[in-house]
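Me: I am new to reading protein structures. Can you walk me through one, feature by feature?

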Amino acid sequence: MAECRARATSTLQRVRITAPSRNIVIMEYISRLRPLSSGSIPSDFHEVIRFASSGSSKRWTTRQRRDPYSREATLRNLKSRAAFKLLEIDHNHHIFQRGQTVVDLGFAPGSWTQVAVDRTGGNGRILGIDILPCIPPKGASTIQGNFLHVETQREVKAFLAEDSLGRPVDRDALGAAGEEVGYIDLERQSELSASSHQGVDDIKPSANASAGARVVDVVLSDMMANTSGNSFRDHALSMDLCNSALAFALDTLKRGGHFICKFYSGAEDVDLERRLRKAFEVVKREKPRASRSQSREQYFVSKTLKEGVTKQDLYGDLYDH
Ligand SMILES: C[S@@+](CC[C@H](N)C(=O)[O-])C[C@H]1O[C@@H](n2cnc3c(N)ncnc32)[C@H](O)[C@@H]1O
């Protein structure tokens, strides 16, 4: 069954890559005309954090209203309060630089993606993946699919291997300077180009796509399904997601690249930490202040991929696809 479905909304362009097994459709946000101004992402976010309380109100809505991170996220046009976790991690560990390629696993609703777009200076290459359908934040491309499925990961690698995909788009190439290009124009343009030359609908993955091109500077994973209340089950699922994300990162990160992943603490997180230490120069556990104190979530911040480490070194043939 196709996991990645075609979706189109205004200012989105449909891009088809011919994957080995089937056609997939990826949403590429073509309108990089108005990247987030740096003023949209709080540089004074620690001021917000200072006012945070761990206050436990009974009702979620009341909690949201009282939560300074939620209020601040709304004011700053951020998709969710989760942005403040990544902002704190970046503040402490200096993850992002201008022009980087960033893969954001479990991106929806998109606040980490917004931070990545902003922190890479509006000219980075940002790709989000989520099992849920979600409109890409401005300046990012997204793929909908279950990241635990081999096919989804192949599609992500095929996208990354095509250097032209997900890059900032030249406004003048799309329409007259200063003019907003609408969805219908983009659709029409896409139809026209498909008939006249090799357009985005005909791009074949490069030969190195399935081998995993090492073009990524940062892999983020905030993936987690809704918690079930069964802490053993939640921990086990979280470990599956983290290990899958790490195996992917080892295939796609450049040497010196960084990997940040959320995990639900439990008996097996020491095994994950051991693997991370084999692969990265620096590994830290973080509990950002925006992470609710009653939640078992924590983050591994792993910096500087060591030379020559492969997923086979850490997992044998477990993720051999
Ligand atoms: C906590 S949310 C991420 C929030 C996001 N970082 C943000 O800032 O908006 C976790 C996301 O992981 C996604 N997710 C969970 N399991 C997944 C899977 N197997 N494949 C892809 N996405 C998954 C969920 O759909 C959800 O959107």
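Predicted model: local features only at pLDDT ≥ 70, side-chain atom pairs only at ≥ 80, totals over all residues.

Me: How do H9 and H10 run, roughly parallel or roughly antiparallel?

Reply: Check the angle against the cut-off: angles under 35 degrees count as roughly parallel. The angle here is about 10°, so H9 is roughly parallel to H10.

Me: Which residues of H9 and H10 meet?

Reply: From H9, take Met239, Cys242, Asn243, Leu246 and Leu250. They meet Leu272, Arg275 and Ala279 of H10. By class, this contact has 6 nonpolar residues, 1 polar and 1 charged.

Me: Next, the largest nonpolar core. Which residues touch the most other members?

Reply: This core is a set of buried residues joined through C-beta atoms within 7 Å. It has 59 residues, and Ala83, Val219 and Ala245 touch the most other members. H9 supplies the largest share of the core, 8 residues.

Me: What is alanine 83 in contact with, beyond its neighbours within four places in sequence?

Reply: Its partners are Ala73, Leu78, Ser111, Trp112, Gln114 and Val115.

Me: Now the ligand. How many residues surround it, and which are the closest?

Reply: There are 22 residues around the ligand. The closest are Ala82, Gly106, Ser111, Phe147 and Asp222. Helix H5 (111-119) and strand S4 (125-130) are the elements that give two or more residues to this shell.

Me: What classes make up the shell?

Reply: Count 14 nonpolar, 5 polar and 3 charged residues around the ligand.

Note on methods
Residues numbered from 1 in each chain as written. Buried ≥ 20, exposed ≤ 12 C-beta atoms within 10 Å, placed from the backbone. Helix = DSSP H or I, 4+ residues; strand = E, 2+ residues; numbered from the N terminus. Contact = placed C-beta atoms within 7 Å. Axes fitted to C-alpha atoms, helices over the stretch in contact; angles between N-to-C directions. Parallel < 35°, antiparallel > 145°, perpendicular 65-115°, else oblique. Nonpolar A, V, L, I, M, F, W, Y, C, P; charged D, E, K, R; others polar. Near = placed C-beta within 6 Å.
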